[in-house]
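Work through these exercises with the sequence and the model side by side. Try each task before reading its solution.

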Amino acid sequence: MKKGIAHIGFIVVFICSSCSNESVETYVATPSPLQIPQLFEDNILNPVLPIDNPQTVEGIALGKKLFFDPILSADNTQACADCHAPENAFSDADRFSAGVDGIRGSRNSMPLFNLAWNYDDKFFWDGSAFSLEHQAFVPVSDPIEMKSSWTQLETELQQHPEYPNLFQQAFGTSKIDSILVTKAIAQFERTLISANSKFDKYLLGEATLTSEELNGFNVFMDETKGDCFHCHGSDKNPLWTDNIFHNNGLDATFTDLGLGAVTGDPADNGKFKTPSLRNLAFTAPYMHDGRFATLDDVINHYSEGLQNSPTIDPLMKKVAQGGVQLSAQDKADLKAFLLALSDDEFISNPNFLNQ
């Protein structure tokens, strides 16, 4: 009897062992690594991408489709691209974007490019979103923006004639949820790389700057003149931002606390993320609240319009004098240089357009 039991046990172990040796086929989408520009490769660290959301051909294509699809909004009228338009370097030409009910927010839509190099992974003007995936999560249910719910959106996408198959191709499952939606959008947004401005080409030896542009760069770098590089980088930082939060002297008192409203620390009141200086030719109006309609207004602010406050950034060293007091010529040259950071190919790249 014991021999029989032992024999049966052997058969069970053999069968289980055979099963464990069978290969289980798992779906893997087509890898699509980020194409890192030469100047980025030479000067800054490579981006650290989330291991649970690798870049793939199928994921990027799905994210692009979602980005331009108004299905994300409650009434199917508004897409991500309505507030982040390609022709505006994925920002909004209006000072404040209008949501599905026509209600406008209180901040200017931030441009979207080179997001994979935001090493601290803090997004929005006030840093309230941690990770690009979370940033993509917020607008859908925001009552001023898309005013939908993730339950409603997941149902609509699940019932759509195309999306279940596209999610199957991108993620190996046709069951759609908010996590996969935001992962796809984030994959597409990480491909929005801008690195082909006139100044980029100059640094690569492929273009020549005018004397005005060269002097403007010198004004930008000169601590006795523009003194811009501490927050906005230099020829050694192709992001043209430190991605840090500063109080740059816009107001003496604050109606929008910025980072302070997120952290609860009064020392952070009036601090907002430093925007990149790339693509300024396309991203007007400027500042977190779009208060400046032109680049001249921005330069004039730093030259003679600084407002003092308890949290003013120490880098605003000339606040007591109202600003850095640039000459008319230096202002014009600084503007010429800043415009040389604009990337015409970025706003017309077919990979980024709704085609």
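**Exercise 1. Which residues line the largest cavity?**

Start with the ground rules. This is a predicted model, where local features need pLDDT of at least 70, side-chain atom pairs count only at pLDDT 80 or more, and totals for chains, interfaces and linings use all residues. Residues are numbered from 1 along each chain as its sequence is written, and side-chain values use heavy atoms, with hydrogens and water left out.

Step 1. On a 1 Å grid over the protein atoms alone, a cavity is a set of points where a 1.4 Å probe fits but cannot get out. A pocket is an open set with protein on both sides within 12 Å along at least five of seven lines. Lining residues have an atom within 4 Å of a point.

Step 2. Read off the lining. The largest cavity is lined by Asn247, Asn248, Leu250, Asp251, Phe254, Gly270, Phe272 and His288.

Step 3. Sort the lining by type. Ala, Val, Leu, Ile, Met, Phe, Trp, Tyr, Cys and Pro count as nonpolar, Asp, Glu, Lys and Arg as charged, and the others, Gly among them, as polar. The lining divides into 3 nonpolar, 4 polar and 1 charged.

Step 4. Grid points are joined across faces, edges and corners, and a volume is the space filled by probe spheres set on the points. For the largest cavity this is about 40 Å³.

**Exercise 2. Which residues does UniProt list as "binding site" together with Cys80?**

Step 1. The unreviewed UniProt entry lists Cys80, Cys83 and His84 under this name. UniProt positions are given in the numbering used here, feature names are shortened, and annotations may be inferred rather than shown by experiment.

Step 2. Cys80, Cys83 and His84 belong to the lining of the largest pocket.

Step 3. Take the cysteines. Buried means under 20% relative accessible area, exposed over 50%, partly exposed in between (1.4 Å probe, protein chains only). Cys80 is buried because its relative accessible area is 14%. Cys83 is buried because its value is 14%.

Step 4. List contacts (heavy atoms within 4.5 Å). Not counting residues up to four places away in sequence, Cys80 touches Phe67, Leu72 and Met146. With that exclusion, Cys83 touches Gln78, Ser91, Asp92, Ser97 and Ser109.

**Exercise 3. Which pocket lining includes Cys228, Cys231 and His232?**

Step 1. The unreviewed UniProt entry also annotates Cys228, Cys231 and His232 as "binding site". The lining of the second largest pocket includes Cys228, Cys231 and His232.

Step 2. Cys228 sits in the loop between α10 (211–221) and α11 (229–232). Cys228 counts as buried because its relative accessibility is 18%.

Step 3. Cys231 lies in α11. Cys231 is buried because its relative accessible area is 10%. Leaving out residues up to four places away, its contacts are Thr241, Asp242, His246, Thr274 and Leu315.

**Exercise 4. Why do the buried residues of α10 line one face of the helix?**

Step 1. The buried residues of α10 are Glu213, Gly216, Phe217, Val219 and Phe220.

Step 2. Seen down the axis of α10, these residues fall within an arc of 160°, so they line one face. The arc is that of the directions from the helix axis to the C-beta atoms.

Step 3. They pack against α9 (198–203), α11 and α14 (328–339).

**Exercise 5. Is Met316 buried or exposed?**

Step 1. Met316 is in the loop between α13 (295–304) and α14.

Step 2. Met316 counts as buried because its relative accessibility is 13%.

Step 3. Beyond four places in sequence, Met316 touches Asn247, Asn248, Tyr302 and Leu306.

Note on methods: Helix = DSSP H or I, 4+ residues; strand = E, 2+ residues; numbered from the N terminus.
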